[in-house]
Amino acid sequence: MSEPIIYKPKDLIWAKMKGFTPWPSMIVEPPEEMLHQPRRNVPCKCVFFFGSRNYAWIEEHNIKPFEGPYKDELMRPNKPNSFKLALQEILAYIDNPVDIDAEIKAASVASAPNYTSDADFDKIRDGLETADSTNDLGEPPKPPKKQTKAKSRAKSSISATKSAAAAAKRRGSASKASESKRKRVESEATEATSSRRRVNADALSHIGSFSRRNMSSTVALLDRPIISRPEAQAIDMNVRSATLSERDITPSNLTFGFLGLGIMGSTIVKDLICTGHKVVVWNRTMSKCKPFAEAGAEVKETPMDVVDAADITFCCVSDPKASKDLVFGNCGVLQGKDLNNKAYVEMSTIDPETSQDIAEGIAQCGGRYLEVQIHGTRQEAEDGMLIILAGGDRTVFEECHSCFKTIAKNTFFLGDVGNACKVNLILQTILGVSLVGFSEALALADRFSISLKDIIDIFELTSMKSQLLLEKGKEMAKGDFNPQQPLMHMQKDLRLVLGMAENLDQSMPVTAITNEVFKHTKRLGYSEHDSSAVFVRSRF
Ligand code: NA7
């Protein structure tokens, strides 16, 4: 039997994390943040991933030396672009390690103790040492109650603080002098904890587009690399899509309000402004209104003010709760009370019950209501190629004609409030289930080392081909999950579908599993990425 390899910092390796291909990586001293990350109770090393430039604990049996028998096999050409980038980076590192070494050093500077040997490393691993091994009272912190090692490690610094405070409390009852000492100790212990937290965040802030949201419970609960949020794509108000430029649109004289400037809302408003519509906007994050103000839109401070200034107000926000908040909440649409001569168009993807509640609220204040569900991606919105499904007040539908002509290739009026929501959610069911099936098939191809590009090329020639699956397949193959349709919205839609089915006692086992797959992908950190990121989950 060959001798086990003893890995040490700066060793270049292949690190295999469950669900990912072995990745070009390096053993590093753990940055402090990693000390609080849960690990399996087997020997692990802290690993820096080239390309994504983040860290994870990897079990030693999942580590292989970079140079050696695995290299040729693992460097096969049919890998995704993100892998190729990582490979380029490790090869560049071999030639010139200075920049990356400096980056890693900056991350580990925050680590209070300087762990140099494997013995020290093992101490950290076993959770025997914390950043505060003694406190102001000269006492070591009390050993944590019996619990799992992962929990104990995650809580070690907190328990150090708490035990200092508890010990101070006991002594505090003895005299007033020791009471003041207790307060001082508590405050110093709290300050020490919060300063450590500051240092953690600073040390990690250099890693890609790391954000505090990435440091959420998702990362702490799952031993996964930190997933960067997708870059928000800046909207270019000067670019008008070729399809839209060819369309002959005479803008309505009415003033249109718009609540919600997310991916879909901002694209639609841009199109409306480009085609000469008069627009008043509001968004919860006000900074997103700036480019629209510069392009001629009026910006208001509350939804109520928008409704006041507009003849017809559209709303396009995340989910049913946000939609209801905007209508019934503080400074919401109904706060103006009198909606005579006003119309409200709900464009967010919501369930029929929510739409009905909003319709009733608007009607009670004298307004007219139209439910509009939009089907399509960001690109389709940009090109004016959405499909519009509408239900409710037909007069509003007709007054919105020039807006719909701007953003959609087909428009359907489906009758009563609720019908458009139902049809849209049915379409989303087809989309969600297809995406998961497609991504599982591609994941299987990947396991066989069959080129995903070949599969997609062949798929394109079959009668199964679908434009959307082709595009999503290409995104999966590239590992490019820039949001066209955020994954969290796809999962929300499936949740709404299952709610509708529940009310009807309709069994939808495949949709239920599809929903679970999207939920798990969200938990892996891909909530704000495109729904094609479900591929990451399929590769597990
Ligand atoms: P995005 O890009 O996730 O944007 C969501 C928008 O909803 C964005 O403007 C948010 O404001 C806004 N939002 C979210 N929650 C709230 C609450 N509670 N109050 C007010 N505003 C809120 O989504 P898309 O544009 O892709 O999709 C919008 C809808 O169309 C959705 O239903 C899809 O399923 C289809 P923020 O900018 O974060 O302040």
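**Nonpolar cores and helix packing in a predicted model**

In this predicted model, the largest nonpolar core comprises 34 residues, of which Val281, Phe314, Met347, Val372 and Ile374 touch the most other members. A nonpolar core is here a set of buried Ala, Val, Leu, Ile, Met, Phe, Trp, Tyr and Cys residues joined through side-chain atoms within 4.5 Å; buried denotes under 20% relative accessible area, exposed over 50%, and partly exposed the range in between (1.4 Å probe, protein chains only). Helix α10 (residues 263-274) supplies the largest share of this core, five residues. Helices (H or I, at least four residues) and strands (E, at least two) are DSSP runs, numbered from the N terminus. Val372, with neighbours within four places in sequence left aside, is in contact (heavy atoms within 4.5 Å) with Val345, Glu346, Met347, Ile388, Leu389, Ala390 and Phe404. Another core lies apart from the largest one and has 32 residues, including Ile27, Cys46, Val47 and Phe83. In soluble globular proteins, nonpolar side chains tend to be buried together.

Residues are numbered from 1 along each chain as its sequence is written. Local features need pLDDT of at least 70, side-chain atom pairs count only at pLDDT 80 or more, totals for chains, interfaces and linings use all residues, and side-chain values use heavy atoms, with hydrogens and water left out.

The pLDDT, the predictor's confidence in each residue on a scale from 0 to 100, averages 81 over the protein chain, and 76% of the residues score at least 70. For residues 110-178 the pLDDT is below 50, and this stretch has 86 contacts in the model beyond near neighbours in sequence. Residues 185-223 also have a pLDDT below 50, with 65 contacts beyond near neighbours in sequence.

Ile100 is located in helix α4 (residues 98-108) and counts as buried because its relative accessibility is 6%. Its contacts, beyond neighbours within four places in sequence, are Met26, Phe48, Phe50, Arg53, Glu89 and Tyr93. Of these residues, Arg53 is 47 residues from Ile100 in sequence, with a C-alpha to C-alpha distance of 9.1 Å.

Helix α18 (residues 419-447) packs against helix α22 (residues 509-526) at an angle of about 65°, with the axes 9 Å apart. The two helices are therefore roughly perpendicular, a class covering 65 to 115 degrees (under 35 is roughly parallel, over 145 roughly antiparallel, and the rest oblique). Axes are lines fitted to C-alpha atoms, for helices over the stretch in contact, and angles run from 0 to 180 degrees between N-to-C directions. Thr429, Gly432, Val433, Leu435 and Val436 of α18 meet Val510, Thr511, Thr514, Val517 and Phe518 of α22 in this contact. Helix α22 also contains Glu516, which is partly exposed at a relative accessible area of 41%.
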